Amino acid sequence: MDERSIALNRFGLGASPDDRDGDPTAGASRNWVTAQIAAFQPNPRAIAGVADTSTILRDIADYQAQARLVRKSKPGPRGNDADQTQPGDDGEDVAAIALRRRARGGLRLHYVEAVNARVAAALATPTPFAERLVHFWSNHFAVSAEKLPVVALAGAFEFEAIRPNVMGRFVDMLKAVERHPAMLLYLDQADSIGPGSAFGQRPRVAARQRGINENLAREILELHTLGVRTGYDQADVTEFARALTGWTVPGIGRRIGARAVTGGFEFLPDLHEPGTRTILGQTYPQDGEAQAEAVLEALARHPATARHIAAKLARHFAGDDPPPAMVRRLEAAFLRSGGDLPTVYRAIIASPEAWSAEPVKFRTPWEWSIAVLRGLSANLSDSGSAVGLQEQLGQRVWRPGQPSGFDDVAATWAGPDALMRRVEAAERLATRSRPVDARDLASRLFPGSVSAATAEALKRAESPGQALALLLVAPEMMRR
Amino acid sequence: MLDRRSFLVRGALATIGAGAMSRMAFARAATQRRFVFIIQRGAADGVGTVMPVGDPAYAAIRHAFAEDAATGAKLDALFTLHPAMPKAAGLYRQRSALFVHAVASPYRDRSHFDGQNVLETGGNSAYQVRDGWLNRLLSLLPHDEARAIAVSATMPVALRGSNEVASYAPSVLPDASDDLLQRVTMLYQGDAQLHALWSEAMSIRGLAGDEAEENGREAAANGRLAAQLLLPADGARIAMIETGGWDTHGAQRARLAGGLTRLDTMIDALRIGLGPVWQDTLVLVATEFGRTVAVNGTGGTDHGTAAAAMLLGGNVRGGRVLADWPGLAPAQLYEQRDLRPTMRLDDVISGALSRHFGLDPERTGAVLFPALGKRAPISGLVA
């Protein structure tokens, strides 16, 4: 790959024929990538109109209130959670079911709207490297759109917790992410009660033996910061979970500790486990919200976190098996700068491993689809349905199904069926595309990097549309 | 849980919803005449479709391909129709099908893109004329009858131009076409990882179902859809349907048979769908250029020059093959490899369309093919 092609495809999201021709002089590609750190717009037009967290939370609360009404009106066993009640259960009134279905559909529309906005932002962005980093961090701090509240909130999570912090410090992103209602609801933090808290001491609560939920605390340690098997133990997890009690989203789900919706994160002192905590040998005497916040700050500057983040970033830009020397460099940049992300990004750009001439990554379905749509100068309506396209390709947006996010290795994505789906989608998108000469387009999308085999296949295609479809599935397009 | 089919259908509906329907509000028509252009993209093999079995050089130069002639319909002393087109053979017997052979556009090189551009624009060379001859045909028709539609998601070059034209995508979109799959196989040949994955994907696909039947269904659906768009009194008068998979560099016997089966099925579905209106309908089937006369080393043929075209419909003066046959002996071939063109496709088109729509042949030729000189529209193609 030519450096221009690496900049456009490995660092960016794929070229668009509308892009200016890349400057082939040495260093120009690196400068183009570096300049995006300062030029990034956290709140571009494509996402500006999307419903925010507080609006969505109110919709969720409305939906859940309706669901509670339905449950109350019906005899028989009660579900714990609105989502777990199956429509059509005996005794449920048809009108109520219909009402609830509509409400559920309304919540799902937030998801569709946000996916469309994410795709539109990725297609329109003048800073594709920065946009790639948004996707990277959103996947690092993954929520999975399966529970209904998370389905509705997944987009707002990325737009409000990730985007504003992508060019900031790691610790600030960490604090924003762990406070966001999508994360608190996804990893059950909103259900966690300090047994020694005022609320936990109420006789009815104590009798039911409800208490700490460790899920968020564990995943912060294992996935978001230190990384798995880096020296913390079960006692650290439990202590951290105690420190996190009180971090919640009032009025949503079980509505523990507060019934009214406030429109976002709240620290509820009544749920907080009192006392000093000890985590990784460090004591945290703080009271209230500041306690878990102090833990997050300590985790954010921990060397294990630096190593973990460095390895993931190196994997994303230099190959499935991250080169150890590059990992060490990024780790040092992270520690030296106190987790200043632009400093780490500059270390990536300065790493020769990220500029190796051979493609180092097999594109994920998301990456492939965005590169293809950008290459076609397509807009959302050209893609049919953004949600449908990602489903067809096998990577539903914000729905990795696990808190560790989507894998970032070829083994997960380079499969026979996945390839066939890309070919089918390519033919369909090529059919809908405005007329383009694939032979010219190839050299714009992969400057100086079109293989002889691909050029020959495009030249010999039986129609312009077929040539375009072939370009969209060429090896150059499958990897970056 | 991933449902490819429903996704494809949704995509198609989205396109229809996006405006094709609204553009279908047509004024009431005065004429009953309809015209359908079926383009064969990829250079269909005319010698393999309308087989010159009576040519003394034929059997030797086509060897195994010539076996197909045994079961085909004998058209006259010289020609036999490929056996994959029984419905067209039936139309031929009813004198509603006319085959034109050794015919070509003015294009004499061998690039699909350029050849299709010449075929569709009606120019003398590629990109010389910007709009399509089918669009220009609209300006020859009475204003309230000048309605054309592309049975595809996007507008083919032949229909592009200053006259407004609708497009309507088939509601059942095909899975990836076999021809594209073959080409992807070639494309991945030198890429170890993709080659291995793709080989597996293709073998899974081979197990999955009867592709021939599937293809036939899609072709029939396209024919029916075109009929529905043409049938109403205020419907389209001109329609264009695109077909692909004709670029048979390898394994031609099976692939050409598949393509011709689909074409035959599509024409039959169109005829049935049109009912009595078939009597007022003219169908033209044409390709950008033909293929080499000799079979190549991979059981296929390469890009050539002259090809065969078809005219079908109730008004066609059919039951014959129109050809100034150039012969297949080495000295008779164009550049020692291709069927030599002896008839101009533009003359066939302007002759047939002027008669069909009651237009002046010279003027029709001048409007449809303004860049070409020495026009001689062929009369007597249509009653």
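Chain A comes to 24 helices and 4 strands (DSSP runs, H or I of at least four residues for helices, E of at least two for strands, numbered from the N terminus). Its radius of gyration, taken over C-alpha atoms, is 24 Å, close to the 23 Å from the globule rule for 480 residues, so chain A is as compact as a globular protein of that length. That rule is 2.2 Å times the number of residues to the power 0.38.

This is a predicted model: local features need pLDDT of at least 70, side-chain atom pairs count only at pLDDT 80 or more, and totals for chains, interfaces and linings use all residues. Residues are numbered from 1 along each chain as its sequence is written, with chains lettered from A and ligands numbered from 1 in the order written.

**Overall build**
- The C-alpha trace of chain A spans about 75 × 60 × 35 Å along its principal axes.
- Buried residues make up 54% of the 480 in chain A (20 or more other C-beta atoms within 10 Å of the residue's own, with C-beta atoms placed from the backbone).

**Domains**
- Chain A gets domain 1 (45-184), domain 2 (187-300) and domain 3 (365-478), with bounds from an automatic or database domain assignment.
- Between domains 1 and 3 of chain A, the centres taken over C-alpha atoms are 28 Å apart.
- In chain A, 16 residues of domain 1 are in contact with 17 of domain 3 (C-beta atoms, placed from the backbone, within 7 Å).
- On the domain 1 side of that contact, helix 5 of chain A gives the most, with 8 residues.

Technical notes:
Buried ≥ 20, exposed ≤ 12 C-beta atoms within 10 Å, placed from the backbone. Contact = placed C-beta atoms within 7 Å.
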